[in-house]
Amino acid sequence: MSTYLPAVISTIGSEAFNRQIDRMFEDAWRAIDTADRSWMPACNAWEDDNGFYVQMAVPGWEPKDITLEVDNQVLTVRGQREQEAASQRTFHMQEIPEGRFIRTFRLPTYVDQHRASAVHKNGLLTVTLPKREEAKLRRITIEG
């Protein structure tokens with residue numbers, strides 16, 4: 001292994017490196033599947049003391065049209081629904097997403113992926129991945 005890659009990783013930081021890798025995978029998916037993939041839902045990802053969260057804007061999508069998978073510290077969100085028949089329509093503008101999408105998120109190692117849950121409400125899909133107990137902040141009392 002060359003010494004170049006570790007130097008690059010330490011320069012840009014491991015989190016930034018992971019984001020670059022995730023972006024590379026999403027770009028690869030887009031290149032493979034450009035005919036059907038015209039959009040990707042906007043997302044937020046954050047954490048607090050209790051867990052790691054991914055929130056995705058999927059207005060107009062039903063929960064039955066979305067699948068979630070967690071495997072090997074990667075969350076994959078897929079959506080697919082049939083496009084409405086064009087029949088006698090002449091679109092002047094068409095910005096409401098149809099078809100399918102896929103998003104992947106590399107998860108921190110300290111989340112308990114077996115306790116993941118998801119809620120779909122008001123056009124937002126929120127996935128909650130609790131932190132493992134050993135990863136949570138603990139305060140130590142000083143006796144005196």
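Modeller: Let us begin with one side chain: a polar atom of the side chain of R103 lies 2.7 Å from the backbone oxygen of P41. A polar contact is a pair of N or O atoms within 3.5 Å; within protein, one must be able to donate a hydrogen and the other to accept it, and residues adjacent in sequence count only if both atoms are side-chain atoms. This is a predicted model, in which local features need pLDDT of at least 70 and side-chain atom pairs count only at pLDDT 80 or more, while totals for chains, interfaces and linings use all residues. Residues are numbered from 1 along each chain as its sequence is written, and side-chain values use heavy atoms, with hydrogens and water left out.

Colleague: Is R103 buried or exposed?

Modeller: Buried means under 20% relative accessible area, exposed over 50%, and partly exposed in between (1.4 Å probe, protein chains only). R103 is buried because its relative accessible area is 14%.

Colleague: Where is R103 found, and which residues does R103 touch?

Modeller: Helices (H or I, at least four residues) and strands (E, at least two) are DSSP runs, numbered from the N terminus. R103 belongs to strand β5, residues 99-106. Contact means heavy atoms within 4.5 Å. Not counting residues up to four places away in sequence, R103 touches E26, M40, P41, C43, M56, L75, T76 and V77.

Colleague: How many helices and strands are there in the protein chain?

Modeller: The protein chain has 2 helices and 7 strands, and along the sequence they follow the pattern α-α-β-β-β-β-β-β-β. Buried residues make up 27% of its 144 residues.

Colleague: Which element gives the most to the lining of the largest pocket?

Modeller: With 6 residues, α2 gives the most.

Colleague: Where is the place of E62?

Modeller: E62 sits in the loop between β2 (51-57) and β3 (66-71). E62 is partly exposed, with a relative accessible area of 44%.
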